[in-house]
Amino acid sequence: MPFSSGQWLLLLSRVILSASLEEKVPPGMLKCVLGWCLPLDYQKLESPSPDGAVHVDINVEILDILSVNDKEFSMTMSMYFSVMWTENRIITNNTIEPGFWYPVSLEFLQDLWIPNVFIYNLKSFANAQVLKRLAGVWIIDGKDVFYNQFSTVTFLCPMRFERYPLDEHICKFRVGSTNMDINYMRFGETTLSYDETNRNTILDYMVDAKQLKEEDRIFLYAGQNYSVTGIEMRLSRHVLKYLYIYYLPSGLFVVVSWVGFLIPPEVVPGRMAMLITLFLVLTNIFNIVTTNSPNVEGMTAIAAWMLVCIFFVFGALVGYAYLLWKKKKSCLKRKKTKKQSEEEGKLRQLRKEDYRSKVDDVFLVVFPMMFLVFNLIYWPMCLSSANG
C-alpha cells in the first residue's frame, strides 16, 4: 500500500536518526546494524537466489510532473522511487512483527547485494539532499529490503508533432536490469501512486498514468529476454487555448475576407486595404505559430490550418485583382473604339457592372463552400489520432 508524502518523511526521519547508531559486531558476523546482521561468509557479489531469479518490486509515487519539454522530447517529474527485494541471508535476534517496517542506516547498503536497476531512456536522475541524501532503507518481515529515495527524474519520450496542437503522446517510464536477463532477475508489476489533482505545476498536457502493459514488460536484446516494469503515461494536450488564440481568429479573418465580395469593385481603397490587412495579419500569426511549434519533420496541423487560411484570403485578393484587370482592359478597349452614344455607353457600363457583380456572387458562394469542405476534412483527420 503506497504511503503519503508525510508518511515517507516520517519514515525517512527515523532512518536518519538511526544512521548514527553504531553497534558492536557479534562473533561470526560481518556487520550489524540495529540488530540486523550479515553472516561472516556473506558475499555481496552473489545473488540472494543463486538457483533462481531474484524477484524485485518497484514502487513509484509521483509527487509532481514538473515539465514536458517539446523541444528536447523529455519529461521531468519528482517522485519517491522505491526498490524492494528479498535478502534471506540477513540474521537477527530482534522480535519481528509481521508487516512492520524496521529502519536501518543507509550505509547498510554498502555491504548488501543490491539489484542493478536500469531506467530506459534516462536523461538525468537527481537525488535531493538536505543534510544527507533524502533516502532510507527498511527491513520488512526480517527478510525484505526496501530502499526508497526522493528524486527528480528526466527521461526521454518519443514524441511526434505532426498533429500539433491536437496531438497525444505515450511516454513509458520503464525499469529493468542492466545485464541480468529474466532467468536471473524478474520484476513485479509496478506499484503506482499519482494524483493529477494535486499537481502544483501548470502543464500544456493532461497526464494519465497507469501501469505498463503486459506486452511491454519483456524486452528482447541480443537474443535474451529481459524483465521490465514501469508505468505508461498518456499526454493529451489542452487544445482550448489554441482554439481561441489561433484557430478562431484566423477562421474569422477568412470569413471577414468574404465581406469584400459585397463591396463594389469600384471601391478600390476600401476593399483592397481590407484584404491586404487580413493577409498581413494572418502571415504574422503564421510566423508566431511556426516559431512556437515544436520540431517536426514535415508540417504541423496548425501550420497547415494557417496556410490554408492565408491561401483563402490570397484567393479573395486574386479574385479582386481579376476584376480590376477586367475593368482596366475594358477601359482600354473603350478608348480604341469609336465614340458611342450616351445611351449605348450607359448600357455597356451596366453590363460590365452586372458581370462583375455576378463574379462576386459566384465567389461569395464558392469560397464558403470550399472552406466548409476543408473543415470537414481537416477536423476528422486531426482528431482521429485521439481515437486511434
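Hi everyone. This is a predicted model, where local features need pLDDT of at least 70, side-chain atom pairs count only at pLDDT 80 or more, and totals for chains, interfaces and linings use all residues. Residues are numbered from 1 along each chain as its sequence is written, and side-chain values use heavy atoms, with hydrogens and water left out.

Let's start with the cysteines. How many disulfides does a search of the whole structure find? There are two, a disulfide being a pair of cysteine sulfur atoms within 2.5 Å. One joins Cys32 to Cys37, with 1.9 Å from S to S. That link is right-handed, with 115° about the S-S bond. Cys32 and Cys37 are both buried, and buried means under 20% relative accessible area, while exposed means over 50% and partly exposed is in between (1.4 Å probe, protein chains only).

In the other disulfide, the sulfur atoms of Cys157 and Cys171 are 2.0 Å apart. Here the link is left-handed, with -90° about the S-S bond. Cys157 sits in the loop between S10 and strand S11 (168-177) and Cys171 in strand S11, so the pair ties together parts that are 14 residues apart in sequence. Strands here are DSSP runs (E, at least two residues), numbered from the N terminus. Both of these cysteines, Cys157 and Cys171, are buried too. If you number the bonded cysteines in sequence order, the pairing is 1-2, 3-4.

Now for a serine. Is Ser227 buried or exposed? Ser227 counts as buried because its relative accessible area is 4%. You will find Ser227 in strand S16 (residues 224-237). A polar atom of the Ser227 side chain lies 2.9 Å from the backbone nitrogen of Phe187. Beyond its neighbours within four places in sequence, Ser227 is in contact (heavy atoms within 4.5 Å) with residues including Val175, Ile182, Phe187 and Arg217.

Finally, the empty space. Rolling a probe the size of a water molecule over the atoms shows where empty space is left. The largest pocket holds about 290 Å³ of space.

Key: Helix = DSSP H or I, 4+ residues; strand = E, 2+ residues; numbered from the N terminus. Polar contact = N/O pair within 3.5 Å; in protein donor to acceptor, adjacent residues only side chain to side chain. 1 Å grid on protein atoms, 1.4 Å probe; cavity = no way out; pocket = protein on both sides within 12 Å on 5 of 7 lines; lining within 4 Å. Points joined across faces, edges and corners; volume = space filled by probe spheres on them.
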